[in-house]
Each structure stands twice: as structure tokens, then as C-alpha cells.
Amino acid sequence: MADKLHFSLVSPAKEVFSGEVDHVIAPGSEGEFGVLVNHAPFMTTLKNGVVRVLENGTTKMRIFVRGGFADVTSEGLTILAEEARLLEDVTAASVQEEIDATLLKIQSLDKDDSARIALQEHFDYLESLKAALVH
Amino acid sequence: MPSLKDLKNRISSVKSTRKITKAMQMVAAAKLKRAQEAATASRPYAERMASVLANLSASAGAGGPKLLTGTGSEDTHLIVVLTAERGLAGGFNTYVVKLAKQKIGELRAEGKTVKILTVGKKGREQLSREYGDMFVGHIDLSGVKGGDFSESAISLGKKLTSDFDAGEFDVATLIYSQFKNVLSQVPTAQQLIPASMPAEAEEAKLGNALYIYEPSEEGILETLLPRYINTQILSALLESAAGEQASRMTAMDNATNNAGEMIDSLSLQYNRARQAQITKELIEIISGAEAL
């Protein structure tokens with residue numbers, strides 16, 4: 001039995017992370033949960049929030065995800081996120097820029113346009129990402 | 001026999017055509033690389049998604065949501081035809097349209113109602129002549145910048161699921177060009193709704209392990225299924241984009257070669273004609289001199 005948890009986080013754009021870690025804490029829709037190795041099979045939806053990867057009790061990496069799923073099997077933890085970004089890669093200023101750009105795009109579209117709904121979700125994600133950066 | 005001037009004009013026109021096709025080939029090659037990378041990058045997500053869904057649906061059984069089990073009837077079919085925005089890509093668009101026509105023909109022969117949704121301008125152009133009255137919509141891809149299809153995929157997915165909920169159709173099939181490799185793109189028909197599981201994902205399930213579900217199995221399925229459909233659409237869009245560039249690259253390579261051959265044969269003709277004229281002029285001078 002391996003004493004490390006295999007963790008992979010994928011978004012439609014790319015595989016954000018894949019490797020062996022000690023401990024992962026993820027924002028489940030019904031509350032935050034932690035996953036260690038040999039966790040029971042578990043599946044949940046996620047809400048917008050920070051996924052923390054812990055190594056030796058200290059946070060090694062923080063990834064901000066939008067929605068998606070966590071799937072824990074005997075093989076490890078897989079998180080499927082709609083969008084994911086490493087927190088260290090973004091700054092409050094760059095997020096603010098994106099928020100403004102998205103807002104402009106939303107305003108240019110019709111109210112019942114389906115693309116607008118998709119953009120709205122992206123906008124909410126950016127807003128909560130900004131909030132996470134401030135803290 | 002064309003005159004020397006005509007030949008010269010034709011040679012220079014073919015030469016500039018060759019320059020254009022050569023440039024288009026190089027542009028396509030550069031774009032292909034990016035498109036291919038994007039298609040490969042999205043694959044792990046799609047695969048994981050499929051295996052998660054296979055796990056879930058195996059334990060959900062018959063009581064699952066409609067997106068998985070269908071409406072119970074299959075009278076109205078929606079055919080989503082995914083083609084490129086631009087032509088000059090060999091048979092790329094034509095093959096997709098051909099498969100779509102075949103599929104539509106089959107369904108109509110069975111007496112089903114067929115509705116068509118086109119994605120990409122070329123498919124609409126080619127299908128509207130014959131099936132204009134069956135169109136229910138069109139999605140334009142010309143606004144997509146730099147191969148970022150995620151927004152188009154999500155909006156198409158949303159449209160499909162909401163139309164499905166409204167009872168507009170029973171079965172949705174996506175027809176697109178699957179990217180096998182640079183030399184071969186295979187037109188494929190893939191059923192989107194009710195969601196179909198890839199065969200290999202079925203094997204990946206973990207012997208019906210006892211899962212803990214949060215919030216509930218149905219709740220997860222309900223959020224997962226629309227996303228699964230979006231993911232399938234997204235990977236189809238990406239593969240189609242890669243295929244388009246690959247197909248254009250090959251087509252333009254052929255065109256460049258053909259133009260080269262044409263230039264060779266025209267140059268030969270030109271040189272012969274020139275020689276013939278020189279000979280003629282010489283004969284005229286000599287016979288003129290002899291007459292004196």
C-alpha cells in the first residue's frame with residue numbers, strides 16, 4: 001500500500017496537477033473535506049473555492065477552482081474543475097482586468113443569450129477568485 | 001497555339017497562386033500545431049469525466065435523469081453538424097456534410113422528424129440548399145479567437161439541454177470530423193443526448209465500489225450530465241479545429257505541388273514557342289537575303 005495519495009486536478013484546458021501528495025483539502029458543496037490516502041470511495045460536487053494540497057502538514061499549493069467534481073477511488077483523488085488556477089499565478093490586478101473585460105462582454109450580449117449565462121458563471125468565478133486573493 | 005504573351009501571363013499567374021497556397025499551407029501548419037496541442041490537453045479531462053460518469057451511471061440504474069435515459073421515445077432527432085468556418089481545406093467539410101446527409105436520409109426513411117443545427121458556416125451553406133426547412137438554428141464560430149472554444153461549447157451545451165428539457169427533440173447526434181492524425185480525419189456521428197458512454201470507460205469502473213455521495217447520487221448526476229455533454233462538445237470542437245487545419249495543410253501542399261508542375265509544363269511550352277519564333281524570324285531574314 002502506498003502511503004501517498006495520488007491526486008490529479010484537471011480542467012478542460014489542461015491537466016493542472018498530477019502527482020503523489022499527503023493530504024488534499026477541497027471545498028465540497030456540502031462543506032470542506034480533506035482526503036488522505038486510503039479514503040473510502042467518495043464523490044461530491046464542488047463549489048467555487050480553494051483546493052489546498054498539503055505536504056508534511058504545510059500547504060504546498062493552493063489552486064482556485066470553479067465548480068466541478070471530486071471523485072475519490074481506491075486509486076486516488078481526481079478533481080474535475082470547470083476552471084482552475086494556481087493562486088500564486090494570479091494577482092489581484094490581473095483578475096480585476098479580467099473581471100472588467102468579462103463585464104463588457106456580458107453587457108454586449110442579449111439577456112437570453114446562452115453565451116451570456118456561461119459568461120456570467122465565469123464572472124462569478126473571477127469575483128470569488130478576487131475575494132480569495134484579498135484574504 | 002497561345003501567344004508568347006499569353007503564356008507569360010499564365011506562368012506569372014500560376015506563380016502567384018503557388019505563393020498563396022504555399023503561404024496558406026505554412027499558416028495551417030502553424031495553426032495545426034496549436035490546435036493539436038489544445039485537443040490533446042483537453043483529453044485527460046474528457047477521459048476522467050467519462051470514467052466518473054460510467055461509475056455513477058452503473059450504480060444509478062434505470063431511475064436516472066432524462067439526459068441519461070432518454071425521453072422514452074425517439075421520434076424527433078436533432079442533428080448537430082459541426083464544420084469549419086472556412087473552405088479551402090480539401091474534402092474536410094464535404095465529408096462531414098456527406099455523413100450528415102446520409103444520416104438524415106436514414107432517419108427520414110424511418111419516418112422520424114429531423115431537425116438540423118449547424119455549427120460553422122460551411123455546413124450551413126452546403127445543407128441549406130437541400131434541407132433549409134429543417135434548420136432550427138446555427139452557431140457561428142467566426143468570433144472564436146485563438147482556438148478558445150470553451151465558451152462556444154458551453155453555450156451550445158446549454159442550448160441543447162434547455163431545448164431537450166423543453167421537449168424540442170428526443171435524440172441529439174453530433175456529426176463532426178474526428179482527428180485521428182494529421183493525414184486522416186474521420187467523419188463521426190456521436191450521440192450526445194441521451195448521453196452515451198464510451199465503451200472503454202465502462203470497463204474502467206471499479207467493481208461497483210460502495211460510494212459515499214454528497215449531496216446525493218441524483219444531485220451529482222444532474223450537475224454532471226450537462227457538463228459531460230459540454231465536454232463532449234468541446235472536444236469535438238477542438239478535434240474538428242485540428243482536423244480542419246490538418247486537412248487544409250494537406251490540400252494546400254497538394255495545390256502547391258500542382259502549381260509547380262503546371263509552371264514546369266507552361267515554361268516548357270513557353271520556351272518551345274519562343275524557339276519556334278526565333279527560328280521563324282531567322283528563316284525570314286535568310287530567305288529575304290537570298291531573294292536579293
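Trainee: Which residue is the bridge partner of Thr173(B) in strand 5 of chain B?

Mentor: Gln191(B) is that partner. Keep in mind that this is a predicted model, where local features need pLDDT of at least 70 and side-chain atom pairs count only at pLDDT 80 or more, while totals for chains, interfaces and linings use all residues. Residues are numbered from 1 along each chain as its sequence is written, and chains are lettered from A and ligands numbered from 1 in the order in which they are written.

Trainee: Why are strand 4 and strand 5 of chain B said to pair?

Mentor: Strands (E, at least two residues) are DSSP runs numbered from the N terminus, and two of them pair if DSSP finds at least two bridges between them. Strand 4 (residues 171-179) and strand 5 (residues 185-193) of chain B share eight bridges in the antiparallel sense, so they pair. They form a hairpin, with five residues between them.

Trainee: What are the domains of chain A?

Mentor: Domain 1 covers 5-87 and domain 2 covers 90-134; such bounds come from an automatic or database domain assignment. Their centres, taken over C-alpha atoms, are 23 Å apart.

Trainee: How many residues does each domain of chain A give to the contact?

Mentor: Domain 1 of chain A gives seven and domain 2 of chain A gives five, counting residues as in contact if their C-beta atoms, placed from the backbone, lie within 7 Å. On the domain 1 side, strand 7 (58-73) and strand 8 (76-86) of chain A are the elements that give two or more residues.

Definitions and conventions: Contact = placed C-beta atoms within 7 Å. Helix = DSSP H or I, 4+ residues; strand = E, 2+ residues; numbered from the N terminus.
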